[in-house]
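Dear colleague,

Please find the structure below, handed over for your records.

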Amino acid sequence: MLSEAGTALTGRQAGRSRPARRVLPWVEGGTLLVALVVPFVLGERTDLVTLATNVLILSLLAISFDLCWGLSGIMSFGQALFFGVAGYVIALVGRDLEFSQLWATLPLAMLVGLALAGLFAAFLLLGRKAPTTIFVALGTLTGSYAAERLVSGWQYVGAGNGLSAVKLLQFGAYEFVEGTAFYFLALIVLVLVYLGARFLKQSQLGLVLAGMRQNEERLAFFGYRVQLFKALVFSLAGMVAGLGGALYSYHQGFIGPGNMGPGLSTTAVIYCLFGGSGTLIGPVLGTVAVEVLTYVLADIDAIKRIWPVILGLVLLGVVMFQPKGFLGLLVSDRERIGSYGRRRSDDRGS
Amino acid sequence: MALLQIRGVAKSFRTLRALDGVDVDVQAGTFHGLIGPNGSGKSTLLKAVAGAHFADGGTIVFDGHDITRATPYERARLGLSLKFQITAVLPELSVYDNVLLAIQSGESLTRLLLSSSRRALDGEVTALLERFRLIDRAHDLAGELSHGQTQWLEIAMALALRPKLLLLDEPTGGMSPEERRVTGTLLAPIKAHCTLVIVEHDLHFIRDICDHLTVLDQGRVLDHGDVETIQRSPKVQQVFTTRV
C-alpha cells in the first residue's frame, strides 16, 4: 500500500522538474552569427574592427577563468599572469630571433601558459592537504602581482614601458595586421577553444568537475584524485590564457606589465561573473558588454576617470544581486550545470 | 584473516576521548553491526576506517593493507566505500548523474575526457536505479528527493563503486517503518559480493540483517559476538536498559 503510494508520488514528482527548453545553444548560435557579420557591418570603421578583435582575444582570457571557476571551482585571481607571460615570450621571440610564424609561436604561447600554470598548480593545488579557496585565490593573486612588479623593473623586457613594436604575426609570407584578417583569425581561434571547452564540459570528465564544484570531499570518497583533476584544468586554463596573450601581443603590437597584473586578472573575473560563470558563452558576452561599455564611456571625461570604480560597483552588484550573471536570467540552473547521462530522447527512442 | 582488522584505535577531540583502544575484526562476507548508546564512538570509528579523519593511535588493516594513514582516495581505490550519516548526494546533479559519477570513478582520465564509457555504464546505472526504486526519478535533481529516497541514492552510490567493504552510517535514519523494511530488502542481496559494516540506532533493523555485532560504550568495545550472544549479554542489557 505504502509502496504503491510511493510509486504514484514519484510518478507525479518525476514530471515536475523536467528541464526547461535549452537556451544556451541558441545564445551560442546567435553570438557566432553576429560575430561572423560584425566586420562587414562595421565596414570602414577600423577602430571598431580593432575593438571587436580585442574583445575576441580577451574572451579567451574570460573562458580561461570560466574553466577554473565556473567549471571546476578554482578561484584564480591570476589568469592574466599566464596571458601576460606568454605575450612577453612571443614578443621576445619576435625581437631577438626575428621569428613570428603562426604555426610555431601560437603553440609556443600555449606551451608557456600550460607549463607556467602547471607549476602554479603543483605548488598551490597538489599539496598533501586540499587547499582552501582563499589560499588558491591569494596564491594566484600574489603570483600575478609579483610578476607585474618583477617585469616593471627588468630592463631586458622593457621595464615599466613594456615591449612595443612587436613583430607582426606571420603565416608564411603573409603578415597579419590589424583589421578583418586578424579579426577572423581571432574568431577561428576563439571558436576552436570554445568548442574544446564545451567538449570538456559535456564529457564524463565535465561531470567530475561539476561534482567537484559541489562537494570535493564526496568525490575523494568515490576514489577521485580531486586535486589532480583541478591541477589539470588549471593548467589547461593557463594554456588558453597563454594563447590569448600571444594574440593580444601581436594584435596590439605591445605588451606591458599591466597585461599580467591583478588589474587584468580581476577584469577577467568581472567578464565571467557579469556574463554568467559556468556557461562558457556567458563570459564571452560579459567581455563584449564590459569592453564595449568601456570603449563608449572612455570618450566621456567625467566617467572615464571613475570608470574603474563603476566596474568595481558592477562586480559588487552582480555578486550580491545576480551571482549567476545576466545570462542567469535566461538559462536555468539545470542547463548551466548540465546533464551528463543518457538523454531523454534515448528514453523516447526505447 | 579478517577483511578488516582494527587494533587499539584511539581518537580524541580536544579533551573528549571518542575512541579508546578499540579492537574489531570484520570477516569477509558478513554483515557486521556497530551498536551502542549515543556518543559511544560508532560513527567516529566508521569515519576512522573510511578516512574522514585519522586515528590518533592504533592500526587499521584492510584486505592486507595498512590504511591507518591512507587518504580517502587511496582507501576508496582499495575497495572501501562509505555512506555518510548526513547525506552527501550532489543536489544540483540529476539522480542518474550522481550514480554515474560514482560508477565511473574507476575510469581513466582519457576515457572520461572522451566519454568512452557513457553508453557502456548506462546499463549498470539503470540497474542500480531500478534496484533502489529511483528509476522514475532518474532525471530529477538529487536535491529534490525525499529523505528516504536520498538515503537510497546514497547507498546506491556507495554500492556503485563495487566495494569489497561497504560502511553504512545510519542508513535508515529518518525513514518511515516501511522505508526501513524496504532498505533491509535492498541490502540483503549484496551479501554475495560485499562485506558490510553498519552503524544503526534501530536495533530491530540491525538484528534482522546482521550476523555479528560489536557493542561500543564510551569509546570502548563492551562486547561482541553473534546476534543471539549479544541479545543475551548481561553487560549489553545493562547499558541498553539504563542508558538508551
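Helices α4(A) and α5(A) are oblique to each other, a class left for angles that are not under 35 degrees (roughly parallel), over 145 (roughly antiparallel) or 65 to 115 (roughly perpendicular). Helices here are DSSP runs of H or I with at least four residues, strands are runs of E with at least two, and both are numbered from the N terminus.

The model is predicted: local features need pLDDT of at least 70 and side-chain atom pairs count only at pLDDT 80 or more, while totals for chains, interfaces and linings use all residues. Residues are numbered from 1 along each chain as its sequence is written, with chains lettered from A and ligands numbered from 1 in the order in which they are written.

The angle between α4 (residues 79–97) and α5 (residues 102–124) of chain A is about 140 degrees, and their axes lie 9 Å apart. Axes are lines fitted to C-alpha atoms, for helices over the stretch in contact, and angles run from 0 to 180 degrees between N-to-C directions. On the α4(A) side the contact includes Phe82(A), Val85(A) and Ile90(A), and on the α5(A) side it includes Leu108(A), Val112(A) and Leu116(A); contact requires C-beta atoms, placed from the backbone, within 7 Å. By class, this contact has eleven nonpolar, two polar and no charged residues. Nonpolar covers Ala, Val, Leu, Ile, Met, Phe, Trp, Tyr, Cys and Pro; charged covers Asp, Glu, Lys and Arg; the others, Gly among them, are polar.

Chain B has an open sheet of four strands in the order β2-β1-β4-β5, with antiparallel pairing. Because β2 (16–26) and β5 (65–66) each have a single partner strand, they stand at the edges. Strands β1 (residues 4–13) and β2(B) pair over eight bridges, where pairing needs at least two DSSP bridges. Val9(B) has Val22(B) as its bridge partner in β2(B).

Met175(B) sits in the loop between β7 (165–169) and α7 (177–187) of chain B. Leaving aside residues up to four places away in sequence, Met175(B) touches Gly148(B), Gln151(B), Arg180(B) and Thr183(B).

**Contact between the chains**

Chain B contributes 35 residues and chain A 30 residues. On the chain B side, α3(B) supplies the largest share, five residues. That side divides into 17 nonpolar, seven polar and eleven charged residues.

With kind regards

Definitions and conventions:
Contact = placed C-beta atoms within 7 Å.
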